[in-house]
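Look at the model below and follow its strands and helices.

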Amino acid sequence: MDYNPLAPEVMANPYPYYAELRNKAPVAWLEPLQCWAVSRYVDVDFALRNPQLFPSSVFTAQALGDLNPVPETPWILDMNPPDHTRLRKLVNKAFTPRLIRALEPRVREITQELVAALTRHPETDLVASFSGPLPTIVIAEMLGVERARLHDFKRWSDDIVLATSRPRDEAVRARVRASGAEFRAYMEEMIARRRREPAEDLITALVRAEEERDMLSATEILALVVLLLLAGNETTTNLIGNAVCSLLDHPAELAKVRADPALVPSMIEEVLRYESPVQVIFRQTACEVELEGGTIPAGATVFLLLGSANRDERKFPEPDRFDVTRNPQDHLAFGYGIHLCLGAPLARLEGRVALEALLFDCPPFACTRPYLPRIASLIVRGVQTLPLRFTTPAVAAAMQ
Ligand code: HEM
């Protein structure tokens, strides 16, 4: 069938194309990308559970090309056992669920500060003024970046993310390179300082993480921090944006959540399923592999369509219905298996706190544009801008 994930109409709304793939060609050769697409839940799930058949590759590290500020160390995302097992064990020691739970009050404070600034104006772009800054500020504080350097950190982080779009303009490339170098120098100094003077932050936890006398090197920590910025910021921004868009598109579901705040966590899981911020991840085949949907030859590049698996009617009844009470616990939005998203508890926390603040601490809001430009990417799903208008108290009173 004719499926080109790079076509603008497919990026705008990939779901009908996914449905056709699942039904007609569940394991499909994609000529434009020279790779195989796997679209059914059962097959994506199998691939994630069998990393020996579907190892990871160097795709993601290549995303930054020569703009990678830490090119000498591979990313955990691209590693396979036993190297991945070693690194992940160490990183897990630092990134514990307890640490994430302890963050909640601070995440709430940061969210409240952003919300207070947001609601001072009748109109706002939610991406620029809320869902974009929130994850960057949270990760900066987690790492232990000083307040005075927050602005620099945000700039470095934005430029490192910009590197993934492979800018061609030499001036932009030079700026991205300079930001990468500044970021690296700052983090290297911080890692060295935390070894001498431990503090209550993630860098100290990473410096201290020890497993059978094995420890993380400074470059391993640096590469991990770059990945945290790339894997954690835009994804969480899009989770919040996709939640707001899905709720505004489904007023009855929005009303249910407004009436019952306890539905927020379930709503977040449904957004992750319904509009997965990461639509596709990549793997290779170690040998010829037979899936339910078809056979893939050895040494092939494989696209695991998480966004399609999460809309598979064989797994989720009425998958195209956005249902805030569904609470899907087994969606694949965070992947599965050995590479299961390290930041999932943090993303869930930020998503919940952000949506609680938007729904219960802000005046009611509406989107001011009928059509929102989407991020032009086959990997991430989200909107570029999300212009909202808050209903003034007078209008809100008149509506009651
Ligand atoms: C809604 C937000 C997020 C989504 C949808 C998401 C999605 C994913 C997915 C699908 C994977 C698996 C990739 C694969 O198997 O190839 C992954 C891995 C990862 N994520 Fe997330 N992520 C989110 C937020 C975050 C956050 C907030 C952080 C950290 C601050 C983070 C850090 C990571 C890391 C380090 C990995 C690699 C783990 C490994 O290879 O062992 N992510 N994420």
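Q: How many bridges join strand 2 to strand 9?
A: This is a predicted model, where local features need pLDDT of at least 70, side-chain atom pairs count only at pLDDT 80 or more, and totals for chains, interfaces and linings use all residues. Residues are numbered from 1 along each chain as its sequence is written. Helices (H or I, at least four residues) and strands (E, at least two) are DSSP runs, numbered from the N terminus, and two strands pair if DSSP finds at least two bridges between them. Strand 2 and strand 9 run parallel, and the number of bridges joining them is 3.

Q: Which residue is the bridge partner of V38 in strand 9?
A: Strand 2 covers residues 35-38, and strand 9 covers 301-305. In strand 9, V38 has as its bridge partner L304.

Q: In what order do the 4 strands of the open sheet lie?
A: The pairing in this sheet is mixed. Strand 1 (27-30) and strand 6 (280-284) each have a single partner strand, so they stand at the edges and one side of each lacks a neighbour in the sheet. From one strand to the next, the twist averages 30 degrees. The order is 1-2-9-6.

Q: What angle does the direction of helix 3 make with that of strand 9?
A: Helix 3 (residues 41-49) packs on the sheet and touches strand 1, strand 2, strand 6 and strand 9. Contact here is C-beta atoms, placed from the backbone, within 7 Å. Axes are lines fitted to C-alpha atoms, for helices over the stretch in contact, and angles run from 0 to 180 degrees between N-to-C directions. The angle is about 120 degrees.

Q: Which residue takes a positive phi in the hairpin of strand 1 and strand 2?
A: Strand 1 and strand 2 pair in the antiparallel sense over 4 bridges. L30 has C35 as its bridge partner. The hairpin has 4 residues between the strands, and the one with a positive phi near 55 degrees is Q34.

Q: Is W29 buried or partly exposed?
A: W29 lies in strand 1. A residue is buried if 20 or more other C-beta atoms lie within 10 Å of its own, exposed if 12 or fewer, and partly exposed in between, with C-beta atoms placed from the backbone. W29 has 14 such atoms within 10 Å, so W29 is partly exposed.

Q: How many residues surround the ligand?
A: A residue counts as near if its C-beta atom, placed from the backbone, lies within 6 Å. The closest are G232, G335, H339, C341 and G343. Helix 12 (218-249) and helix 16 (344-360) each give two or more residues to this shell, and the largest share, 7 residues, comes from helix 12. The shell has 23 residues.

Q: Why is helix 8 largely enclosed by the rest of the structure?
A: Helix 8 spans residues 133-143. Its cover includes helix 6 (97-118), helix 7 (126-131), helix 9 (150-163), helix 11 (202-208), helix 12 and helix 16. Helix 8 is largely enclosed because its buried residues number 10 of the 11.

Q: Which residue in strand 11 is the bridge partner of E123?
A: Here 3 strands form an open sheet in the order 3-11-10, with antiparallel pairing. Strand 3 (123-125) and strand 10 (365-367) are the edge strands. Strand 3 and strand 11 (residues 387-390) are joined by 3 bridges. The partner of E123 is R389.

Key: Two residues are in contact if their C-beta atoms, placed from the backbone, lie within 7 Å.
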